[in-house]
Amino acid sequence: MSGAALGLEIVFVFFLALFLLHRYGDFKKQHRLVIIATLLAWYLCFLIVFILPLDVSTTIYNRCKLAVNSSPAESNGSYVTLAPSKQKCFKPWSYIPDGIMPIFWRVVYWTSQFLTWILLPFMQSYARSGGFSITGKIKTALIENAIYYGTYLLIFGAFLIYVAVNPDFNLQWNQLQTIGIAAANTWGLFLLVLLLGYGLVEIPRSHWNGAKRGYLLMKTYFKAAKLMTEKADAEENLEDIMEEVRKVSESIKYNHPLRKCVDTILKKCPTEYQERMGRNMDDYEDFDERQNSYPSEKSLAKLHKQVIYSVQRHRRTQVQWQILLEQAFYLEDVAKNESSATRQFVHTFHSQEPENKIIQYFYTPTVEWYWECLLRPWFYRVLSVVLATFSVIVVWSECTFFSTNPVLSLFAVFIQLAEKTYNYIYIEMACFLTIFFLSICVYSTVFRIRVFNYYYLASHHQTDAYSLLFSGMLFCRLTPPLCLNFLGLTHMDVTISHAKTQPTAYTSIMGSMRVLSFIADGFYIYYPMLVVILCIATYFSLGTRCLNLLGFQQFMGDSEMTSDLIDEGKELIRREKRKRQRQEEGENRRREWKERYGNRDDSTRSRAVHADQKESSFSETNANRPLSKYTRSNGRTERDRIELLQDAEPLDFNADSVNDDPLESDSGR
């Protein structure tokens, strides 16, 4: 099993990252480089979280070997061994051979840092650029990132000059590398504590509120009112942009040098607008630069950028509106079925997507009623209590993990108790649950936050390329300090425990933070305590109240604006529900009519076909007879036969097409 666990987790994490990216991104429409870069960033961050528990168990096993094999004469070297155990050190099932983990962590860490500080910012500007060529987009991206990159180069250059001038500093390359890592982790830890303080409170509270049907329905009405406003604004913005595109398309003729740019813009427009604004191929009027003023390529690039943004926003709001309608209809169905005497879940509308037969076989209406109306609220309450307990343990450990004698961090206590008995399964499970909960609190906040329309992760393939790349940047910057914080909570970081023992492979690539003592002994230890203040602020919804005062409508139960938006959303949902009901009633009537009169129509058509065949055979037998003599009688025969068919098949009366004698002109000839 040596290295098998590492290989399995590498494969599993890859498919996990691919699944999440498929949920938020669009593989068909977005650029392949954007998908690959975002997938690589998410994959590396998730991989660090899943592999770190294996590193901890391997380190504990290595410490055990040193403790058993070292004699007192040998223990006064670089390591101070732990108390020797009377039992042998059993190798963990997930043991990773020596030399693999340092190389693995070095590759993963520096690849993620290259992505977050160099490649992804450049790709963000490239994705938002409205240029019409690769060279133009690269030029725009370089100009936009000049200030971004120049700031880091200026700070780094000033630091190098200070080190070179000051004779007290004699820094080597390893120390400079450690300082760079410390600077990146400091920035990440600053953002980590902010996101962690929000997630530790909001995740248990959201699951507790998930058990309240009335609360969820009111919040859905509130979201519907806000989304309708955003949807109308997106439609209006798209109309304005399309009007500008129409004017540009009409002004720039087919032989204008910038016509290719206009055609590129038209391809990004929706199909209905493309048909409406199709280029008039009959207009071969040559352009005259002296008589007309034409837009420049720079203005067309700006218009191209606006078209991409407006079309993406319009499509996203349309999809989100349909999803929100389904959620509202389902919550209303749950509220109605709670008082059902038959204990079978009845849907108002049938699902538009085909259901899986296996799920449909096991998830019957009775099972659905028991889950939705009885079990699910209690399940969410129990889960909320468990998550709240974890949150309290995290907050306590964040405030006390610097204490090594006595050990006050509960996570460190759990790991040390398991370390005494060398229960590696328990160690890995405890480490995995701890870092997984921390990751959920941080990463879920990244998925929830929305910075206007600048950054927004929308599910169902509605996230734009810029937001995907931005999320990859955040993950790569947050994951290393998150892992260091986890190792500090469990006292596996020798910088926190102050023990001269073998460090984990992950902390070994970070270098000794003693180079910057004010960061190692100050910021890393005392700054995480601010999570208490952030948790209190999140519990009392101080951020939500501040945003509400600034004019950004937030869901607050004691606000008059919230009540108005709930009423507005309720009316919108009721209107859409009536519209959906009328559509289904019309479809049901057409289906019933087809089932009732479908066989009769088929038999009528067969008789008509038989009559036509008989008529054709009769005309062939009389082909050699004089036509002038039998023209009138044949016309009457045809007329009688058609009248017979008209009695069997209803007519679609139309004043423009109905004549008194449809064959009068033929008979006249």
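**Before you go on**

The model is a predicted one: local features need pLDDT of at least 70, side-chain atom pairs count only at pLDDT 80 or more, and totals for chains, interfaces and linings use all residues. Residues are numbered from 1 along each chain as its sequence is written, and side-chain values use heavy atoms, with hydrogens and water left out.

**Stop 1: the whole chain**

Show the protein chain as a cartoon. Its secondary structure comes to 23 helices and 2 strands. Here helices (H or I, at least four residues) and strands (E, at least two) are DSSP runs, numbered from the N terminus.

Next, colour by accessibility. Of the 669 residues in the protein chain, 39% count as buried. Buried means under 20% relative accessible area, exposed means over 50%, and partly exposed is in between (1.4 Å probe, protein chains only).

How far apart in sequence are the residues that touch? Taking contacts between residues at least 6 apart in sequence, 78% join residues at least 24 apart. A contact means heavy atoms within 4.5 Å.

**Stop 2: the cores**

Select Trp 42, Trp 105, Leu 200 and Tyr 506. These residues have the most contacts inside the largest nonpolar core, which has 97 residues. A nonpolar core is a set of buried Ala, Val, Leu, Ile, Met, Phe, Trp, Tyr and Cys residues joined through side-chain atoms within 4.5 Å. Helix α2 (residues 32-69) gives this core its largest share, 21 residues.

Now centre on Leu 200. Not counting residues up to four places away in sequence, Leu 200 touches Ser 391, Val 394, Val 395, Phe 437, Cys 441, Val 531 and Cys 535. Another core, of 19 residues, lies apart from the largest one; among its members are Ile 241, Ile 252, Cys 261 and Val 311.

**Stop 3: Met 242**

Move to helix α7 (residues 213-251), where Met 242 has its place. Is Met 242 buried or exposed? With a relative accessible area of 3%, Met 242 is buried. Leaving aside neighbours within four places in sequence, Met 242 is in contact with Cys 269, Pro 270, Tyr 273, Met 277 and Val 307. Try the distance tool on Met 242 and Cys 269: they are 27 residues apart in sequence and 7.8 Å apart in space, C-alpha to C-alpha.

**Stop 4: two helix pairs**

Two packed helices are described by the angle between their axes and the distance between the axes. Axes are lines fitted to C-alpha atoms, for helices over the stretch in contact, and angles run from 0 to 180 degrees between N-to-C directions.

Select helix α13 (residues 410-421) and helix α14 (residues 424-448). They pack at an angle of about 165°, with their axes 9 Å apart. That makes α13 roughly antiparallel to α14, a label for angles over 145 degrees. On α13, the contact is made by Phe 411, Phe 414, Ile 415, Ala 418 and Glu 419, and on α14 by Tyr 426, Ile 427, Ala 430, Cys 431 and Thr 434. By class, this contact of α13 with α14 has 8 nonpolar, 1 polar and 1 charged residues. Ala, Val, Leu, Ile, Met, Phe, Trp, Tyr, Cys and Pro count as nonpolar, Asp, Glu, Lys and Arg as charged, and the others, Gly among them, as polar.

Then select helix α3 (residues 100-128) and helix α15 (residues 465-489). Their axes come within 9 Å and cross at roughly 160°. α3 and α15 are therefore roughly antiparallel to each other. Residues to show in the contact include Tyr 109, Trp 117 and Leu 120 of α3, and Tyr 466, Phe 470 and Met 473 of α15. The residues of the contact of α3 with α15 divide into 13 nonpolar, 5 polar and 2 charged.

**Stop 5: two residues in loops**

In the loop between β2 (455-456) and α15, pick out His 460. Its phi is positive, about 60°, although His 460 is not a glycine. At 35% relative accessibility, His 460 counts as partly exposed.

Finish at Ser 541, in the loop between α19 (531-539) and α20 (542-549). Ser 541 is not a glycine either, yet has a positive phi of about 55°. With 23% relative accessibility, Ser 541 counts as partly exposed.

Notes. Angles under 35 degrees count as roughly parallel, over 145 as roughly antiparallel, 65 to 115 as roughly perpendicular and the rest as oblique.
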